[in-house]
Amino acid sequence: MIGVTRHLRRTALLTALSALAGLALTAAPATATPDAGPQASTAQTPPPRELPEPPDAVKARELLANLVVADEDDIPGYSRAKFPHWITQHGTCDTREVVLQRDGQDVVQDDQCRAVSGTWYSEYDGKTITSASGIDIDHVVPLKEAWRSGASQWTTPERRAFANDLVDSQLIAVSAGSNRGKGDKDPGNWRPPLQSYWCTYSRAWISVKATYQLTANPAEAEALSGMLDTCDA
């Protein structure tokens, strides 16, 4: 009965996120005011939102204990194109630009919602970046990792919702170098260089996997448990 309930919750969440993504894709771009300068876009920029906070360490341990632990095969057929991103979220702002604005300081966007200036602190490696071109938006649980732990069975709208999820702790602006060093590795093979972030990272990873009912392999689960230990340090 528990398994059925959790399946229904995941299905309901994915349906809701897919609906939101579908609305975003069909939304008409906002019209810029004639006198808007190259650095003005306040009319289409929503109020800043805090980074979604993952569950605390106690809840994360409970969620981790309930994850299905199983070996994960490199399932054929993966393509980033099967996880459509970045979709339009509002006006001319896509998911990447929303996260850049959310996670940065003093971010200025042009009339196409592109970040033209600002400062970003990369939680993974402690670097401060002053150009949006040096920032990647990381999927905490990488797309390929999701594919091999359950997302290969999803529909394209479900994968699109996952790839653009602004509700859960799934998207974060980090240095391009740290994101590319991570690639599609799970915590059994990669952890943020900044150890002080391990607590938050493990909580976020577990939360996303639990929300989307994705599996974890044994080495991944063990690494996550160890990273949660840093929450008490």
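This is a predicted model: local features need pLDDT of at least 70, side-chain atom pairs count only at pLDDT 80 or more; totals for chains, interfaces and linings use all residues.

Visitor: What makes Cys-93 and Cys-113 a disulfide?

Guide: A disulfide requires two cysteine sulfur atoms within 2.5 Å. The sulfur atoms of Cys-93 and Cys-113 are 1.8 Å apart, so the pair meets the criterion.

Visitor: Why is the disulfide of Cys-93 and Cys-113 called right-handed?

Guide: The torsion about its S-S bond is about 95°, and the disulfide is therefore right-handed. This pair links distant parts of the chain: Cys-93 belongs to strand β2, whereas Cys-113 lies in the loop between β3 and β4, 20 residues apart.

Visitor: Why does Cys-93 count as buried, and why does Cys-113?

Guide: Buried means under 20% relative accessible area. Cys-93 has 2% relative accessibility and so counts as buried. Cys-113 has a relative accessible area of 0%, so the term buried applies to Cys-113 as well.

Visitor: How do you know that Cys-199 and Cys-231 form a disulfide?

Guide: Their sulfur atoms are 2.0 Å apart, and the limit is 2.5 Å, so the pair qualifies. The torsion about the S-S bond of Cys-199 and Cys-231 is about 105°, so this disulfide is right-handed. Here too the pair links distant parts of the chain, with Cys-199 in helix α7 and Cys-231 in the segment after α8, 32 residues apart.

Visitor: Why is Cys-199 placed in its accessibility class, and Cys-231 in its own?

Guide: The boundaries are under 20% for buried and over 50% for exposed, with partly exposed in between. Cys-199, at 14% relative accessibility, therefore counts as buried. Cys-231, at 22%, therefore counts as partly exposed.

Visitor: How many disulfides does a search of the whole structure find, and what is the pairing in sequence order?

Guide: The search finds 2 disulfides. With the bonded cysteines of the chain numbered in sequence order, the pairing is 1-2, 3-4.

Visitor: What makes α2 roughly antiparallel to α8?

Guide: Helix α2 (residues 57-66) and helix α8 (residues 218-229) pack at an angle of about 170°, with their axes 11 Å apart. Angles over 145 degrees count as roughly antiparallel, so the term applies to α2 and α8. Their contact is made by Ala-60, Arg-61 and Leu-64 of α2 together with Ala-221, Leu-224, Ser-225, Leu-228 and Asp-229 of α8. These residues divide into 5 nonpolar, 1 polar and 2 charged.

Visitor: What makes strand β6 mostly covered?

Guide: In β6 (residues 135-139), 5 of its 5 residues are buried. Ile-135, Ile-137 and His-139 point one way from the strand, Asp-136 and Asp-138 point the other way, and all are buried. Strand β6 is joined by 5 bridges to strand β7 (residues 171-175), and the two run antiparallel. Asp-138 stands opposite Ile-172 of β7.

Visitor: Why is Asp-106 called exposed, and why is Gln-213 called partly exposed?

Guide: Asp-106 has 70% relative accessibility, and exposed means over 50%, so Asp-106 counts as exposed. Gln-213 has 29%, between the limits of 20% and 50%, so Gln-213 counts as partly exposed. Asp-106, in strand β3, has phi near 55°, a positive value in a residue other than glycine. Phi of Gln-213 is likewise near 55°, and Gln-213 is in the loop between α7 and α8.

Conventions. Residues are numbered from 1 along each chain as its sequence is written. Side-chain values use heavy atoms; hydrogens and water are left out. Axes are lines fitted to C-alpha atoms, for helices over the stretch in contact, and angles run from 0 to 180 degrees between N-to-C directions. Helices (H or I, at least four residues) and strands (E, at least two) are DSSP runs, numbered from the N terminus. Angles under 35 degrees count as roughly parallel, over 145 as roughly antiparallel, 65 to 115 as roughly perpendicular and the rest as oblique. Contact means heavy atoms within 4.5 Å. Ala, Val, Leu, Ile, Met, Phe, Trp, Tyr, Cys and Pro count as nonpolar, Asp, Glu, Lys and Arg as charged, and the others, Gly among them, as polar. Buried means under 20% relative accessible area, exposed over 50%, partly exposed in between (1.4 Å probe, protein chains only). Two strands pair if DSSP finds at least two bridges between them.
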